[in-house]
Each structure stands twice: as structure tokens, then as C-alpha cells.
Amino acid sequence: MRGSQAVPELRESRTAAGGPAAPLRRGYTTGACAAAAAKGAALLLVTGEAPPSVEIDLPAGFRHTFKLTGGRRSGRDSAVCATVKDAGDDPDATHQARIEAAVSWRDSPGVEIDGGKGVGRVTKPGLPVAVGEAAINPVPRRMILEAVSEVLEEHGAARGVRVVISVPEGEAIALKTLNPRLGILGGISILGTRGVVTPFSTEAYKASVVQAISVAAAMGNKQIILTTGGSSEKYAMAMFAELPEEAFIQMGEYVGFSLEHAKAFGVRKITLVGMAGKLSKVAQGAMLIHSKNAPVDFSFLAKIAAESGADNELVGEIAAANTASQVTDLMTAAGNGVFFEQLCLHACRHCLKHMNGGMTVEMVLVTMKGRVLGRAEIRG
């Protein structure tokens, strides 16, 4: 598609009162930035002039213009250009990262693509890039290839080129990501399937969950630990210290989604570790446990409390409670461990029902300080 095309922003933010606010700005992926920098470096290599900007096709279906910086040549055989990633309003660790591309002539035809400083190397199977290669995913590789090939064709260049993508601060940035756990060492990944970053994209998070499950399965893990966040993961790691780091996956609110993919990758046992606020929703049967999708059902908790032997007064207090933490405190003070075990059993049953069985599900309910409240396991 030729020519710039105006595309509406993808999502609106909301004010505290619930009314529309300013639209959230989309951003652009590291893959798109790498392709733009590579095109700029190729133009500088071929023409001797550093372009201030380039326009590239994005898989999302439109073209976008990227500003370039740092253009320089090393003799007649190599050129470098860079762009600064704009993640828009997405909370992205790579926002404002400098993405560089060095393009140099080579004797063989075609375009060779590799990673340099700050781009990680793959050391574990299960990723879309082979072990030993630079962590530049397939779609960004294709974008880089197309952008550079366009320059070579337009200027009638008959020689091949080598493209090396670098991110000077990539090694430090990678420490804020899951890359070390996934076996991507030495820097960040060059990612993106559409070229654009949707603000607060649930798809990006879900994709990271699938990637983590894929790596865990490829490394031979038949049991994985799904947690709702960093605190529960820390407690889970202490609890299951015998398991490798890649077996621990932060599923966030996507319980059902994570269970389905774990089963698809051949995982035989799933252990969910979390606190009452989140996992009590799974016990209710919720497989997406964001607060707007699944509020805590206090009448359900009161019913479980009654079935666990709580007296009428305590059951009434639970029914009138404001938070799951309050319910936890009430039942802990009453010394009613059966209540927590029943929550875990209900959660296991709903998980197995969601997946149509075929595996073992374990649930471990912990306090905010990591103390185990209840635990159950069902083979389905």
C-alpha cells in the first residue's frame, strides 16, 4: 500500500467519572522501528545521503513515517541509521529505546539479518526463533527484508547486504522483561506482528503468556505454576524450589486462556498459586478474573462458609463483607481451614471442567505474606 493513510486511534481513555477523555496514542513495535532504521541505513549506503525519515509498510495495513537519527557511513561499505521507539501510551519497557541498524555490502546476493549489541540470543527451544539465533521474530525479519529489498531494487543495486540490528541499552532494558527466564540472553527481542502497539493491549500480554508456556513445555516441563502476579509468583518459587524458573508463569487475569494453552502444549499438571481476592473468583467459576468481569461473590463465599461449619453469625458477616481479604481474616480468626480447602476444590473442579479434563489441577491459596491457607489437587 502506497501513500500515508490516516488511521483512527484504537482506543479511548476514560475519565474518573466514566466519560470519554483524550484518545490513547498508539505506538510502534521494535520490529517496525528496526525495519525503518534498516531502510534508512540502506538508503545511506546506496546513495551516500542520510534520509531524515523513511516510510514503511506495516502489517497492520497502512504506511507510517519514522524519523531517523544518527546516520553515518564507514567508508563506502557500511552505513548506520537509528530511530527512537515511541510506544505511544502503552506502558512498554522499550519506550524511547534507540533502535539501530547497520547495513553493509556482502559478496553473496540477498539480505542477511542478525542481531548486535543489546539484541538477545535465543538459548532455549519453544520460541519462534531457533536456538542460537538473534531474537528477531519472523514478522520483524520479513519487514526488515522487505524494507531493505525495496531500496536495493529501486536503486538497481545488484549486491547483497548484511543487516545488523542493535539496541545500545537493550541489555539493561531486558532485565525488566521476561527475556532472561525465556532463555533470551544479552538483550531485548525485536517483536511485533502488526507493527503497531495498541495501548494497554491485552493481546500483547496474552501473547507473552503463550510464549512462556511454549518455552516451559519445550524445555520438558510437565508441570507449570500459574500465578496472578509478582507476589504470588515469589511465594510459589519458594514453595516449588525444585522446579526451573521457566516453569513459573504470571497468567495475570487470564485463567481459562492459560489453562487451554497449557493443555494444548502437553502440560500434564497445572498448579495455580494466588490470594483469595483472585482465586475465590476461580472457585466461583470465573475464568477471566479482572474486577470488571468477575466481582467477588460474597453470597457464594458465605455459602461455602456455611458448608464448612461456620455459625450463622459468621456466615452473615461474610455475606456483608467488603473485600475477600476481610473474609480471609474472618475465617482465619475462626480457625476454619476447611473453608479454604473447599475454595481450592471448587476452583480445581471449574478449571478441569473448562478444559474438559485430561490433566491434574492443583490450587494453592496463600495470604499476602505467603502463608498457605488452603490446598487441593484433583486429577481429571
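**Entry 1: ground rules**

I started with the conventions: residues are numbered from 1 along each chain as its sequence is written, and side-chain values use heavy atoms, with hydrogens and water left out. Because the model is predicted, local features need pLDDT of at least 70 and side-chain atom pairs count only at pLDDT 80 or more, while totals for chains, interfaces and linings use all residues.

**Entry 2: the five-stranded sheet**

I looked up an open sheet of 5 strands, and its order is S17-S16-S18-S19-S20, with mixed pairing. For my own reference, helices (H or I, at least four residues) and strands (E, at least two) are DSSP runs numbered from the N terminus, and two strands pair if DSSP finds at least two bridges between them. The edge strands, each pairing on one side only, are S17 (248–250) and S20 (372–379). On average, and with direction ignored, neighbouring strands of this sheet are turned by 20 degrees against each other.

Next I followed S16, residues 223–227, which pairs with S18, residues 269–274, in the parallel sense over 5 bridges. Two of the partners I noted are glutamine 223 with lysine 269 and isoleucine 224 with isoleucine 270. S16 also pairs with S17 in the parallel sense, over 3 bridges, and there threonine 227 stands opposite glutamine 250.

Is S16 buried or exposed? I found 5 of its 5 residues buried, where buried means under 20% relative accessible area, exposed over 50%, and partly exposed in between (1.4 Å probe, protein chains only). Gln223, Ile225 and Thr227 point one way from S16, while Ile224 and Leu226 point the other way.

Which strands does helix H12 touch? H12 (residues 337–355) packs on the sheet against S18, S19 (360–366) and S20, and its direction makes about 35 degrees with that of S20. I take contact as heavy atoms within 4.5 Å; axes are lines fitted to C-alpha atoms, for helices over the stretch in contact, and angles run from 0 to 180 degrees between N-to-C directions.

I then stopped at glycine 357, in the loop between H12 and S19. Why does glycine 357 count as buried? It does so because its relative accessibility is 11%. Leaving aside neighbours within four places in sequence, glycine 357 is in contact with Lys263, Leu352 and Gly380.

**Entry 3: another set of strands**

I also checked S8, residues 98–106, which pairs in the antiparallel sense with S7, residues 78–84, over 7 bridges. Threonine 83 stands opposite isoleucine 99 in S8. S8 pairs with S12 (residues 160–166) as well, again antiparallel over 7 bridges, and alanine 102 has valine 164 of S12 as its bridge partner.

**Entry 4: pockets**

My search ran on a 1 Å grid over the protein atoms alone: a cavity is a set of points where a 1.4 Å probe fits but cannot get out, a pocket is an open set with protein on both sides within 12 Å along at least five of seven lines, and lining residues have an atom within 4 Å of a point. Grid points are joined across faces, edges and corners, and a volume is the space filled by probe spheres set on the points.

The largest pocket has a volume of about 1500 Å³. Of its 45 lining residues, Leu191, Ala204, Tyr205, Ala207 and Ser208 are the closest to its centre. Which element gives the most to this lining? I found H5 in that place, with 10 residues.

The second largest pocket comes to about 270 Å³, and 14 residues line it, with Met275, Ala276, Ser325, Thr367 and Met368 nearest its centre. Helices H8 (276–284) and H11 (324–333) are the elements that give two or more residues to the lining.

**Entry 5: cavities**

How many cavities of 30 Å³ or more are there? I noted 2. The largest holds about 40 Å³ of space, and its lining includes Leu279, Cys344 and Met363.
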